[in-house]
Amino acid sequence: MTRPAIARIALNRPLRRLFDYLIPDSLELAPGQRVTVPFGRQTLTGLVVEIGVEPPPGVNLKAIKGTLEAWPALPDNTFNLLTWASDYYQHPLGECLFTALPPALRRGRPAQEKADESWHPAATEAVLPANAHRQVDLFNAIKESPGISSSALVKSGFSRAQIRNLQQKDLITEGAKAITAPATKDLPAPTLSAAQQAASAQMPEHTHEFSATLLYGITGSGKTELYLHYLKTHLNANEQALVLVPEINLTPQTLARFRRYFGNRIQVWHSALNDGERLSTWLKIRNGEPVILIGTRSAVLLPFSHLRTIIVDEEHDSSYKQGEGFRYSGRDVAVYRAHLNRCPVILGSATPSLESWHNAQQGKYQLIRLEERAGNAKPPQLELLDIRSRPLEAGLSRPTLNSIKETLARGEQALVFVNRRGFAPVMMCFDCGHLEECPRCDTRLTYHRRDHAMRCHHCDFQMAASHTCPKCQSENYKPVGQGTERTEDTLAEQFPDTPIVRVDRDSTQRKGSIQAILKRVNTGESCILVGTQMLAKGHDFPNVTLVCVVNADGGLFSVDFRAPEQMIQTLLQVSGRAGRGDKPGKVLIQTCHSDHPLLTNLCRGNYAAIADQLLAERETGTLPPYRAMAIVRAEADTMQNSLQLLDTLKPMAQSPGIEIWGPLPAVIARKADRHRAQLILCSDSRGHLNRVLTQLCQYLDQARLPSSTRWVVDVDPQETG
Ligand code: ADP
Ligand code: ZN
Ligand code: ZN
């Protein structure tokens, strides 16, 4: 047989196509390998997708210039995962594949090996095919001189690819910078409570078989402790694990707990790493070092070769879904990855997503319930405070202020949750009714008093705030509604001697500021915390005994079908910050709808019942997870252009089994001067929906659109506004 002469290459371009190149005689190629190719006048980094393809007739192909390393940057299972994701999310393969490379490797930099890797035998005999002479020789060379370096082996005529090959077969291990035991001497893990033990006994036994488990454990039930225990008892010393978290910087404590048990086996992956750190961690993972990686969304795409467990913490969190570009869900990709890898995936949450809850109901996921708090902590008491006819002090009712006062008098901490940053979401003229709007978006500007600015939270517009109405010059021009700054001011007036700590995106912009804030709160000093969602996520503040929700009603009447689910999740998560230590916790929820069934159910603290009820509503409305959904979004200079494009697509999408809603303008129809519209497609058959989307993308790729018109396909959208 002659050698395949043509390779199909993926480039890091938003193009739904691959490029064919001739393979020079001297090159050995494998799928997933990095190569350099000529492209126009440039030289680009590409990834080999296929080898031995038929050359298209009559085309003069250029040749690949060379390889960047002898081994595939993306090994089979990662490559297959990304190929699947590219198809599932309708995103160009090239961009999907390149997401799994660190920035340095995307730019064609060398995958620099650490100079002094040293090798040890990991088996007594090498079980290798009879004709693999070089590999047997290599194994023997390492066995004869344990600790021999890569460079010494290369000098003796072995290749790095051969070394890596033996490593992948688990015949040798890398020793010098091998990841070792805990940094701190084996700290005894706390004895699991009876409830934790019962949950632990139900965790998946086999780490070499696919299983999906939903760990539904109320806030403070000790899920993190269970993960630690699971990894400690099930993960072998040479295996890799992945722990996905929504955001690392917000939970330095969790990271510290993992480090205490696993020392420098713990590595992190998140957006604040620099290129050097990314490359170094990427190489550890690619080299099969026994890393336990704690990472955000994109960590699920990394080229693990010995991955034996995946944990997705706070699996309901909407930040697992990427909101732009390659719109994948880190959680859903994790489940598929576990399937490809034949290993367990454990999804943990106190407020599981309705998707996962449904899968558990269907028996697709095993459900483990952990409904007691760990240690001496008791679940908090939730109470609704109807504020319809109560006088308010900048949004806070008398009973709320009294409860805060009592909490502080006991030397404890109170947390006040406001879902808006800034001072007030609206500036309004009480004479002419003028509302200050963003000139570029269909939204109101938020008033930020600290720097006397009006800001749009949807684009980067800002301007100086005015003291008088810009329209009629009246001085009766005032902020309306509550933001964190305003609540902070009111509380400072009411409690002049108490430290008030505001936590929102504005107060935590500087690097390290969130860490400083958390450290301060963890001293346990009596204080009031005021903040947004950032305070709801995963924190463990033992001295917070009171949580006040300024207004719970945001999600009750939204057009987005996910809004009630997200509202309940946020409320329960923020409530879960109360009473996590030895002292009991109380939660006061201010609302204008104290008889709303969602809120009354919430106060019974039973998320399972709420999830069942919300699922029943989704079933009636034939919404996800009962059907697959995708949105085609368009944006253009005019709404007419956006709608027109979607109108053209609609008849192409029409087919039995597909229901179409729209095209309709988005809820915020104009954002940063772009006019946005959407077409929603639903189907009982995900496969059918996927095929229709593929056709639409093919059409759109070739369509001659006005130069400013953009479109995207969003599969399993998290936002439908
Ligand atoms: P979750 O992740 O479910 O919110 P954590 O694992 O953070 O819960 O545990 C909540 C608190 O209870 C933490 O302070 C943790 O140290 C403590 N904790 C967990 N398990 C135990 C246990 N078995 N004994 C004593 N304290 C525990
Ligand atoms: Zn006015
Ligand atoms: Zn704007």
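How are the donor residues of the zinc ion (ligand 3) spaced in sequence? I read the spacing as C-x2-C-x14-C-x2-C.

**Conventions.** I am working on a predicted model, where local features need pLDDT of at least 70, side-chain atom pairs count only at pLDDT 80 or more, and totals for chains, interfaces and linings use all residues. Residues are numbered from 1 along each chain as its sequence is written, chains are lettered from A and ligands numbered from 1 in the order in which they are written, and side-chain values use heavy atoms, with hydrogens and water left out.

**Zinc ion (ligand 3).** I looked up the donors and found Cys-438 (SG), Cys-441 (SG), Cys-456 (SG) and Cys-459 (SG), at 2.2 to 2.4 Å. Donors are N, O and S atoms within 2.8 Å of the metal (3.2 Å for Na, K and Ca); water is not among the atoms, so sites may look incomplete. The angles among the four donor atoms are 105 to 116 degrees, and the site is tetrahedral (four donors with all angles between 85 and 135 degrees). Strands (E, at least two residues) and helices (H or I, at least four) are DSSP runs, numbered from the N terminus. Cys-438 has a relative accessible area of 3% and is therefore buried; Cys-456, at 5%, also counts as buried. Buried means under 20% relative accessible area, exposed over 50%, partly exposed in between (1.4 Å probe, protein chains only).

**Zinc ion (ligand 2).** I found Cys-429 (SG), Cys-432 (SG), Cys-469 (SG) and Cys-472 (SG) coordinating this ion at 2.3 to 2.4 Å. The arrangement is tetrahedral because the four donor atoms subtend angles of 107 to 114 degrees. The donor spacing is C-x2-C-x36-C-x2-C. Here Cys-429 sits in strand E20 (residues 426-429) and Cys-469 in the loop between strand E23 (462-464) and strand E24 (477-480), 40 residues apart. Both Cys-429 and Cys-469 are buried.

**Second largest pocket.** I noted a volume of about 780 Å³. A pocket is an open set of points on a 1 Å grid over the protein atoms alone, with protein on both sides within 12 Å along at least five of seven lines; a cavity is a set where a 1.4 Å probe fits but cannot get out, and lining residues have an atom within 4 Å of a point. Grid points are joined across faces, edges and corners, and a volume is the space filled by probe spheres set on the points. Of the 32 lining residues, Tyr-88, Asp-332, Asn-359, Lys-364 and Arg-686 lie nearest the centre. Helix H11 gives the largest share, five residues. The lining divides into 13 nonpolar, nine polar and 10 charged residues. Ala, Val, Leu, Ile, Met, Phe, Trp, Tyr, Cys and Pro count as nonpolar, Asp, Glu, Lys and Arg as charged, and the others, Gly among them, as polar.

**Cavities.** I found four cavities of 30 Å³ or more. Of its 15 lining residues, the closest to the centre are His-316, Asp-317, Ser-318, Arg-331 and Gln-718. Helix H16 (residues 563-575) supplies the largest share of this lining, three residues. I counted one nonpolar, seven polar and seven charged residues by class.

Conventions. Four donors count as tetrahedral if all angles lie between 85 and 135 degrees; four count as square planar and six as octahedral if opposite donors are over 155 degrees apart and all others between 65 and 115; anything else is irregular.
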